[in-house]
Amino acid sequence: MSTYALVDCNNFFASCERVFNPKLENKPIVVLSNNDGCVVARSNEAKLLGIPMGAPYYQWQTLCERQGVHVFSSNYELYGDMSQRVMMSLERFSENMEIYSIDEAFLLFDEPNEKQLTWLATHIRQSVKKWTGLPISIGLASTKTLAKVANHIAKKQIEEGVFSFKHQGLQDAKLAQLPVEEVWGIGRKLSKRLNQLGICTAKELRDRDPSEMRLQFNVVMEKIVNELRGISCLPMEALQPRQQIISSRSFGRVVTTLADLEEAVSHYIAKACVRLREQKSVAAEIYVYIHTSLFNDTSTPYCNGNTVRFALPTADTSLIMQEAKKCLATLYKPGYRYKKAGIILRDLSSDTKTQQDMFATNTKRSAALMETVDLINNRDGRNSVFFCAEGIARNWQMKCGKQSPRYTTNWRELVEARC
DNA sequence: TCTGGGGTCCTAGGACCC
DNA sequence: TCTGGGGTCCTAGGACCC
């Protein structure tokens, strides 16, 4: 029987900051979301101070200052690059790997001997630490859901950071300790419903009849129960092109003019289109939306969005910008204090399917232009060339005053070593 | 003053068809 | 007044994940 290993980087964003700044070792660190809004990552030391995940930063700022917490704006360029390094390291150990998120991957092993597996996992952990500087934890089990649980235990209870769930007796005890809301796929709403049925732990969920649970909930719940029983229902999945691409940001300050909104939306489109072309797709439509603050703002709330379909599926940034601009004009109402705008590229398909249109001169020229823009930006750094429509002053841009250098992706921000 | 962003999957319900 | 049944496709919204 195969074994799933879930590899998860410990406190990923906080650990990335630490790799290039050893003074942060054993110090509390928090990393903030875009616009320095919420806490999205904490080192163990910061967790011990009681700073919760997802908390609005302004509520914890005083405590952070008083306790000497090192606070960072998020630096996705750095985290994305570090993630790639971890994944490349992991690839060496299994041919069957699924990158699940920026800091997690499943590996599948056929090795039946549990001791061998645990040894291998320990070896992987040491290697990744050596090659990337990042600490990871590994959970081993016969299903993905159980591997998640095992990883949770490895991280919290096991100093060596590796835990195997192959032993049945151990499973009973550990699942009985685990609150049901900690199970992968059980969120706030579902755990509340489960609690009402008297199901409070992972073990109690596991011991329910799967088909009964399907009737009461849905097919997803049935799979979760089976997975907890060691029956694998969630296979390894190949990397698929995304079905939609979202680009949105809260503004650094309130925006009131159409011109500023146009700049912001154009900028989001430029970023989304880079990702669209990276995965060799074209989009058939774009959804554009704007809204005022969602939180206790005394001014009148307003939110609106609309979809535009293109004449032909496209990955041409300027063409999409033009369409979005027309759409935005219909959404915009003067007099409101806008806080956020966003776009979603939808109905994506492979760009090779639209090749018959390549005979059109316009399409050919646009593809060549986009290719050149991407080439220059890949070679010389992001935003080396950009569309005028994205604006230059960009006074709507988000706050990120506490950002660390992009140590690994920008020549001007390399680590300095001093004797 | 200050509350993130980017994804996926499932289901219910409506429209439409025979 | 009476007014089937089954299928498909699409979309909005909900729930979840990191």
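In which strand is the place of Glu98? Glu98 belongs to strand β5, residues 97-101, strands being DSSP runs of E of at least two residues and helices runs of H or I of at least four, numbered from the N terminus. The model is predicted, so local features need pLDDT of at least 70 and side-chain atom pairs pLDDT 80 or more, while totals for chains, interfaces and linings use all residues. Residues are numbered from 1 along each chain as its sequence is written, chains are lettered from A in the order in which they are written, and side-chain values use heavy atoms, without hydrogens and water.

**Surroundings of Glu98**
- Glu98 is buried, at 9% relative accessibility (buried: under 20% relative accessible area, 1.4 Å probe, protein chains only).
- The side chains of Glu98 and Lys144 form a polar contact of 2.6 Å (a pair of N or O atoms within 3.5 Å, one able to donate a hydrogen and the other to accept it).
- The Glu98 side chain also reaches the backbone nitrogen of Glu237 at 2.8 Å.
- Among the residues that Glu98 touches, beyond four places away in sequence, are Phe106, Pro235 and Met236 (contact: heavy atoms within 4.5 Å).

**Surface near DNA strand C**
- DNA strand C is surrounded by 13 residues, the closest being Ser101, Asp103, Lys148, Gly185 and Leu190 (near: a heavy atom within 4 Å).
- A phosphate oxygen of DNA strand C lies 3.1 Å from a polar backbone atom of Gly187.
- An N or O atom in the Lys189 side chain is 3.2 Å from a phosphate oxygen of DNA strand C.
- Helix α8 (188-196) and strand β5 each give two or more residues to this surface, and α8 gives the most, with three.

Key: Buried < 20%, exposed > 50% of the residue type's maximum accessible area, 1.4 Å probe, protein only.
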